[in-house]
Structure formats: structure tokens, C-alpha cells
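Have the viewer open and ready to turn.

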Amino acid sequence: MIAMSRRRLMAGAAGLSLAALSGTSAAAAEAVSSDSKDVTKTLARYLVNARYEDLPENVRKEGVRTLLNYVGVAIGGSHHETVDIAVSALSPFSGPPQAGLFGRSERFDIMTAAFVNGVSSHIFDYDDTHLKTIIHPGGPVISAILALAEMKPVNGRDFLNALVLGVETECRIGNAVYPNHYDVGWHITGTAGVFGAAAAAGRLMGLTEQQMVWALGLAASQPVGLRESFGSMNKSFNPGRAAADGLFAAILASKNFTSSDGMIEAKRGWANTISTKQDYREITGELGQRYEAALNTYKPFACGIVLHPAIDAAIQLRDENKLTAAQVKSIDMKVNPLVLELTGKKTPKEGLEGKFSVYHAVAVALIEGAGGEKQFSDRAVRDPAIIALRGKVNPVIDPAIKPEQVEMSIALADGRVLTKRIEHAIGSLERPMSNADLERKFRDLADGIIPAQQIATVMERCWNVETLASAADIVAAGRKAA
């Protein structure tokens, strides 16, 4: 994925900007260039006209699952030190108490509430994932529109429609520039997520087509998030800021704060400025027919998706053979190059760093048989037994191994060698988490933060969002009593 040959292959269909490099004829280049005409306007037109009734049943169902997963991770992360700091730092500057925080009793203005809930939803790296772009779609979009729904009456059907449209927007825009945009260092959840938040909020605010164009343009002016932040609190800042910025853009546009009509596709617009790949067909092609929102997935492990095959393999080998750390002599793995680029930290000192360490992830999975938020805590990262075992983890890059694959061999002290190849980890499109799996994950995250009956209530409201008279009832059910 990172290799230059891969980048050139992906960019080959990107458009006029790479035509000369690829040897494309002038006529072909002109044809590709035509795909960049009126991208922002075409997308805006779709967003203001797409109806809930037009959504296929499978897309609506995935939207509901996205909502449930988001609320669970937002409640679960609500008392992490990162969120405590954000609440403490921003409380003196917040405006009127317009919107609530999941898992907490505080109320902030809608912009600040959107930011904090977005941070909370991402802090465990346990949120949803659009695997084609590794965007985490729920945080930016849902944080923005739930905050808005507490100020402006929004019924459940309109809310779900806006949610799906927001996810569709950010993932399509992400498709247009991935992987080049990500490779150079942008955190795509933030940079694309701001468009999703603006689109969803703008739809609920009833923006005209021109106002939606401006909202997308104002979103384009606010790309947020660099991969250098990974392993720090700053990473979860990115989807939180994207949620608030997208809401900010929609509110300004609703009062006719203008922008360029081509901010996504223009020569000096978003896509050409921050990526060497621009495939605008990914944004406007088959709108209302092909749904990226139907491709969302949910994590069984609280870390980046690139680690999931290795964790899955380690847990399977552990459970199948009743392994203990004392039996293990060495753990050898063939991994995709992206694994070591993103998760090559050998000696993580804090839980957040552990999420970016394949050495820690495999060691803790073998010892504890799990990969939830407890396995990526400060406690786990500093556990002497886990530290000792991670020194026996030996990942080797193999370009033939796809990002969703891993080959693991565990040599034991008694001479045996155990092997496991993972083609698709649990939580992938090929091996999706069931509704029951999502509920178990939700309960585990919310346990100890809100009471069991309240957990059941907020899950019920998520599952039945389409019947709600007010989407704000979801936030009310997920808040902590004062």
C-alpha cells in the first residue's frame, strides 16, 4: 500500500494532474478531467434532495448499527483522562448549556459538545471503520448531528437519513484521495470527516443547494489531523474537531456565508492541494445507487484496524492450544508493510502508545485472550509479563501479505511450532460482528459508567431510532445523572 508502485497504480486513474506522468493521450486526459466538473455542486444537489424513503433497507440497517456502535464507544471513553482534560479546559469558555455529553452530566454549547463527544468516541480507537479508506465515519458525523438535534427538533427518520448522507459524503471524498492523501501524513478521519459532519448537519438544517455548496466549501477550508499525532491525545482531537468544524460550516452557510462553488475539485481546492490522487468519480459516481455507508465495519479490538489480523491469530492460537506465556519461545509473523509503519512502537510507555505497537498487541492478546480497552491501558502496557513476551514478537514485512492478512508462527519451548494464517479478521466485511456482538461490546464499554437499566434503554433507543419523535432522546438516555 505504501510502495511507490502501489501509489502510481492507484493514481493512474486519478485525473488530468497525472496524465502526463502516465502517458495518457490528450483526449483521454480531457475525458478524465471532465469528471472534475461541478463535483461540489453535484454532491450538494444530491445531499439536499436524497430522501429517507430512498435508502435501501441494508443501508438503513447499517446506519443504525453505526449509531449503536458510536454511542457505546462514546460512553466508554467518556471518563478517560483525555476527556476529563478537555472538559476541564473548555468549561470556562463554553456558551449556553445546549447539548449533553455521553456518560457525563455536563452540558455545553453544541459546538463544544460535538467536539467532546467526538473525542470520547475515538479515544479507545474502538470505533467504526470504512475499510477502503480506514476512515472512522461515526465520530465526526454523529457527534455533530446529535448536538444539533438537542437544539433543533429532529425526528428519528430524518436523523438516520442525515447520518447515512454524512457517512456517504466523507467516505466518498476519502475514496477520491486515498491512499496518497493518507500516505503523505494526513489523518483522513479528520480531513474527510469534516465534510460528513457539514453535510449531515446541513441536511438537518434544511440548507438550499447553494448553501450546501457553501457548507462543503467551508468544510474544505478546515482539514484537521496529522498522523504524527497517533499515540497521543491529539489523535482523538481530530474527529472531535472535524465534528465541531463541520457543524460550524453548516451554521455559517445557513446564514449565507459564502465560499467557492468548487472547493473540492478546483485547481487550488481541497483535493488538488492535499493529495496527488484525485478520482472524482468516487465522489459523484452512482450517487443514490452505490452506498459506501453500507460498507462500514465495527471493531472487536480497541486499536487500529491494521493490528486486528495479528490479534485475531494470537487469540485463536492461544485458545486452541491453551497456551501460556511460559510456553512461548518466539512469535514470528509475516505482515503487510503498513503494520510496522503504523504500529512499530517496540517499547510503548502508555496505553495510547500501546495501540500503535504490534509487539504489545500480540503479547497482550496471547496472555489475556482479548484486545479490548483494558488490554490497551497503562496497566497492560506496563505489565512485566506482557513486556517480557513482547520482546519475543518478531514481525517481518512481506509485501505479498495484504493489510487484512497475517501469517503467524509460534515456536514453543517443547519444540512444537503452531501456525495460523488470517485472511480476514473478525469485524471485517467478510466476518462481520453480529448485532449481539455489538450489544456485548456496548455493555462492556458502558458498564460502571451508567447503570445496567440505562444501558438497556439507550441501546433500545439506538436500535429503534427510526421510530423516535426526537433523536435527542438518545443523548438523554446516554447521559450520566448529575
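First, some ground rules. This is a predicted model, so to speak of a local feature here takes a pLDDT of at least 70, and side-chain atom pairs count only at pLDDT 80 or more, while totals for chains, interfaces and linings use all residues. Residues are numbered from 1 along each chain as its sequence is written, and side-chain values use heavy atoms, with hydrogens and water left out.

**Strands side by side**

Helices and strands here are DSSP runs numbered from the N terminus: helices are H or I with at least four residues, and strands are E with at least two. Start at strand S7, residues 406-412. Five of its seven residues are buried, where buried means under 20% relative accessible area, exposed means over 50%, and partly exposed lies in between (1.4 Å probe, protein chains only).

Which strands pair with S7? Two strands pair if DSSP finds at least two bridges between them. Strand S5 (residues 328-335) is joined to S7 by six bridges, and the two run antiparallel. Strand S8 (residues 417-422) also pairs with S7 in the antiparallel sense, over six bridges.

In S5, Lys 334 has Glu 407 of S7 as its bridge partner, and Glu 407 stands opposite Arg 421 in S8. Further along, Ala 411 stands opposite Val 417 in S8.

S7 and S8 form a hairpin with four residues between them. In that turn you'll find Gly 415, with a positive phi of about 100°.

Leu 418, Lys 420 and Ile 422 point to one face and are buried.

**Two cysteines on their own**

A disulfide is a covalent bond between the sulfur atoms of two cysteines.

**Two residues in loops**

Ser 94 sits in the loop between helix H6 (81-90) and strand S1 (99-100). It counts as buried because its relative accessible area is 18%. Contact means heavy atoms within 4.5 Å. Leaving aside neighbours within four places in sequence, Ser 94 is in contact with Phe 108, Asp 109 and Thr 112.

Ile 123 is found in the loop between helix H7 (110-122) and strand S3 (129-130). At 3% relative accessibility, Ile 123 is buried. Neighbours within four places in sequence aside, its contacts are Gly 77, His 80, Thr 82, Ser 236, Leu 352 and Lys 355.

**Empty spaces**

Rolling a probe the size of a water molecule over the atoms shows where empty space is left. On a 1 Å grid over the protein atoms alone, a cavity is a set of points where a 1.4 Å probe fits but cannot get out; a pocket is an open set with protein on both sides within 12 Å along at least five of seven lines; lining residues have an atom within 4 Å of a point. Grid points are joined across faces, edges and corners, and a volume is the space filled by probe spheres set on the points.

| Space | Volume |
|---|---|
| Largest pocket | about 850 Å³ |
| Largest cavity | about 70 Å³ |
| Second largest cavity | about 50 Å³ |

The largest pocket is lined by 40 residues, and Leu 131, Lys 132, Ile 134, Ile 305 and Pro 403 lie nearest its centre. Helix H17 (337-343) is among the elements giving two or more residues to this lining, and H17 gives the most, with three.

The whole structure has three cavities of 30 Å³ or more. Ile 123 turns up again here: the largest cavity's lining includes Ile 123, Ser 236, Leu 352 and Lys 355. Pro 403 also returns, in the lining of the second largest cavity, along with Val 406 and others.
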